[in-house]
Amino acid sequence: MSARVVLQAASLCLLHPDDPGRWPLVRAAVAELPAGPARAGLDAFLDAIAQRRDLAEHYVAVFDTRRRCCLYLTWWTDGETRRRGGALAALKQRYRRSGVEFRGTELPDFLPAVLEYAATADLADGLALLQEHRAGVELLRLALHEAATPYAHVLEAVCALLPGPSPTDVAAAKALARSGPPREQVGLELAPFGGPR
């Protein structure tokens with residue numbers, strides 16, 4: 001199924017580019033896809049990186065130094081709060097229910113891991129998971145466009161598989177996400193049971 005190929009290709013494209021041998025395989029798989037927005041996004045990414053000699057440095061500059069380009073889905077919904085730990089545990093349980101034991105070195109909400117899960121284990125649940133995190137995925141897509149990076153094309157390909165139109169601007173995506181990642185509430189002066197003193 002072409003959705004699985006798009007998701008697997010996108011997963012490989014969003015990993016750190018430390019293995020240049022993957023690109024011919026990804027390009028060959030993408031070449032077999034039918035014409036459409038998902039293939040166009042992946043082709044645009046592959047064409048752009050073919051001209052780059054600094055892809056590893058560019059990857060670090062985009063994903064490791066810009067918070068708005070975060071590849072961890074629960075960061076968008078739970079921020080750096082204790083609640084995020086529960087969300088990550090629930091995600092591992094979700095993988096287990098589909099017969100997958102997550103053993104990656106990354107967290108289970110790492111977008112390439114989620115894409116691989118959708119591509120290789122449970123397409124319907126993987127797409128549902130991406131849709132549940134649509135606001136974060138859209139904010140990431142817009143941030144990558146603002147950063148003028150070819151990685152924005154990969155997010156375009158992923159969003160092309162999700163139902164409904166993508167927000168076309170930052171205001172629409174922010175409305176979708178409301179106030180961004182939450183902040184920890186520990187240490188605030190609250191009365192017992194959460195009411196203000």
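Me: Why are H1 and H7 called roughly antiparallel to each other?
Reply: The axes of helix H1 (residues 2-14) and helix H7 (residues 111-120) cross at roughly 155 degrees. Angles under 35 degrees count as roughly parallel, over 145 as roughly antiparallel, 65 to 115 as roughly perpendicular and the rest as oblique, so H1 and H7 are roughly antiparallel. Axes are lines fitted to C-alpha atoms, for helices over the stretch in contact, and angles run from 0 to 180 degrees between N-to-C directions. Helices are DSSP runs (H or I, at least four residues) numbered from the N terminus. The model is predicted: local features need pLDDT of at least 70, side-chain atom pairs count only at pLDDT 80 or more, and totals for chains, interfaces and linings use all residues. Residues are numbered from 1 along each chain as its sequence is written, and side-chain values use heavy atoms, with hydrogens and water left out.

Me: Which residues make the contact of H1 with H7?
Reply: From H1 come Arg4, Leu7, Gln8, Ala10, Ser11 and Leu14, and from H7 come Leu111, Pro112, Leu115, Glu116, Ala118, Ala119 and Thr120. Contact means heavy atoms within 4.5 Å. By class there are eight nonpolar, three polar and two charged residues; Ala, Val, Leu, Ile, Met, Phe, Trp, Tyr, Cys and Pro count as nonpolar, Asp, Glu, Lys and Arg as charged, and the others, Gly among them, as polar.

Me: Why are H1 and H10 described as roughly antiparallel to each other?
Reply: Their axes come within 10 Å and cross at roughly 155 degrees; H1 and H10 are therefore roughly antiparallel. The contact joins Val6, Ala10, Cys13 and Leu14 of H1 to Tyr151, Val154, Leu155, Ala157 and Val158 of H10. These residues divide into nine nonpolar, no polar and no charged.

Me: What span is expected for H9 at 1.5 Å a residue?
Reply: The expected span, 1.5 Å times one less than the number of residues, is 18 Å. Helix H9 (residues 134-146) reaches 18 Å from its first C-alpha to its last, close to that value. Just after H9, Ala148 takes a positive phi of about 55 degrees.

Me: What covers the buried residues of H8?
Reply: In helix H8 (residues 123-132), Leu123, Asp125, Gly126, Leu129 and Leu130 are buried. Their cover includes H1, H7, H9 and helix H10 (151-159), together with helix H5 (73-78) and helix H6 (83-97).

How values were computed. Helix = DSSP H or I, 4+ residues; strand = E, 2+ residues; numbered from the N terminus. Buried < 20%, exposed > 50% of the residue type's maximum accessible area, 1.4 Å probe, protein only.
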